[in-house]
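Have the sequence and the 3D view open as you read.

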Amino acid sequence: MSTAPPRPRRGVRLILASMLLAGLSGAVTAATAHAAVPAAAAATATFTDDFNGPAGSSIDLSKWHPETGDNVNNHERQYYTSGTHNAALDGQGNLVITARRDNPGNYNCWYGTCQYTSARFSTAGTFTQAYGHFEARMKLPKGQGMWPAFWMLGNDIGSVGWPTSGEIDTMENVGFEPGTVHGTLHGPGYSGSGGIGAGYTLPGGQNFYDAFHTFAVDWAPNSVKFSVDGNVYGTKTPADTNGNRWVFDHPFYLIMNLAVGGYWPGDPDGSTVFPQNLVIDYVHVTTGGGTGQITGYGGKCVDVAAASTANGAAVQLYDCNGTAAQSWSVASDGSLRALGKCMDVASGGTANGSLVQLYDCNGSGAQKWQAGSGGSLVNPQSGRCLDATGVSSANGTRLQIWDCSGGANQKWNLPS
């Protein structure tokens, strides 16, 4: 966790939240199967928003609803508005939440006339889910006082209150830590500054405002894993609650927002430039998928050679070692992801012997995988199976595609 001052109560960031949620029932969105996801992991898309639409148009209000108002609990400075003044599609497949230094509605905040506006959205009343893979691809804002977040609250908050409802913070960032994000769980006895979590810092002095990154949790009945770009940086289980109740056993709903100021990030100062944008490429939720090792022939793991993130890095078999080079996410689009990139058939090849590599995710057929018979993984573009070359389990054995034979070198166990 950060060495910043004690964190406030993240789960009550909006005064109206409990009022809005009183009496909410369970999930209301039907699951839709995604045929290109490996059936061995039984991943099914349950919520998808890719924010496609004309520039300047509103978020899809059948999926999200705006939560408006201020928040004295965290001493945040913004007023959350509805409409498109602070949140609109950009026409390029993104939702842009914009924090502004303005007050066009003459809003009043806990401290007097509001100085800033922004936006916050949730799926309360439209979508809830217990367990699965929850993922958003975002480019974060820059500057002192900025506080973007992608998180979840238990759907029973209206009846049991916070933190008994539980809270999962998939991603939080504060402006004075531009290269670090935090993933945190809050529950009874481990809330606010006592939440249990971990932090992730980009390598090489990179900042989260420079490029898009993928933030995710893989939530199972007795664990929550936090990841950035497919790199798992924290796993929490009931053993981490110090004997307190584990409350991550019921449906939660999604929230995304951009706060301005507050106890944790501190207020904007003379260095903060407005407006600031939280740019969201997509939000995807699946059920049954996961993040972890893919094991195959000889009990070896599917591995990215030398943990390289370069396009064209070899995908091979290697002794299982728990590194990020062996941590694969089953994505809702049918891709398999590690180190922020996708498992790819080189040059889109369809012939026997076409090698498998790591490459920028691009949605092409070379990056789609689905279940075949007997635990095989088929690239549907070629109709061929993921195969350990030479029927070998030696460290460094390259993976390729080959006619599906049912052989042991074509059987794979996906993360659950």
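Leaving aside its neighbours within four places in sequence, which residues is Asn352 in contact with? They are Arg384, Ile401, Trp402 and Asp403, where contact means heavy atoms within 4.5 Å.

## Ground rules

This is a predicted model, so to speak: local features need pLDDT of at least 70, side-chain atom pairs count only at pLDDT 80 or more, and totals for chains, interfaces and linings use all residues. Residues are numbered from 1 along each chain as its sequence is written, and side-chain values use heavy atoms, with hydrogens and water left out.

## Around Asn352

Asn352 sits in the loop between β25 (341-345) and β26 (356-359). Strands here are DSSP E runs of at least two residues, helices are H or I runs of at least four, and both are numbered from the N terminus. With a relative accessible area of 29%, Asn352 is partly exposed; the scheme calls a residue buried under 20%, exposed over 50% and partly exposed in between, using a 1.4 Å probe and protein chains only.

Two polar links are worth a look. The side chains of Asn352 and Arg384 are joined by a polar contact of 2.7 Å, and a polar atom of the Asn352 side chain lies 2.9 Å from the backbone nitrogen of Asp403. A polar contact is a pair of N or O atoms within 3.5 Å; within protein, one must be able to donate a hydrogen and the other to accept it, and residues adjacent in sequence count only if both atoms are side-chain atoms.

Arg384 belongs to β29, where it stands opposite Asn379. Strand β28 (residues 377-379) runs antiparallel to β29 and is joined to it by two bridges, and strands count as paired if DSSP finds at least two bridges between them. Four residues separate the strands of this hairpin, and Gly383 takes a positive phi near 75° there.

β29 also pairs with strand β30 (residues 399-402), again in the antiparallel sense, over four bridges. Cys385 stands opposite Trp402 in β30. Because four of its five residues are buried, strand β29 (residues 384-388) is largely enclosed by the rest of the structure.

## Aromatic pairs

The count of aromatic pairs comes to 14. Rings of Phe, Tyr and Trp (its six-membered ring) pair if their centres lie within 6.5 Å, with planes under 30 degrees apart counted as stacked, over 60 as edge-to-face and the rest as tilted. Phe47 and Phe127 make a tilted pair, since their ring centres are 5.0 Å apart and their planes at 40°. Phe47 lies in strand β1 (residues 44-49) and Phe127 in the loop between β9 (120-122) and β10 (132-139), so this pair ties together parts 80 residues apart in sequence. Both Phe47 and Phe127 are buried.

Phe134 and Trp219 form another tilted pair, 5.8 Å centre to centre with 40° between the planes. Phe134 has a relative accessible area of 0%, and Trp219, at 3%, also counts as buried.

## The whole protein

Zooming out, the protein has two helices and 30 strands. Buried residues make up 55% of its 416 residues.
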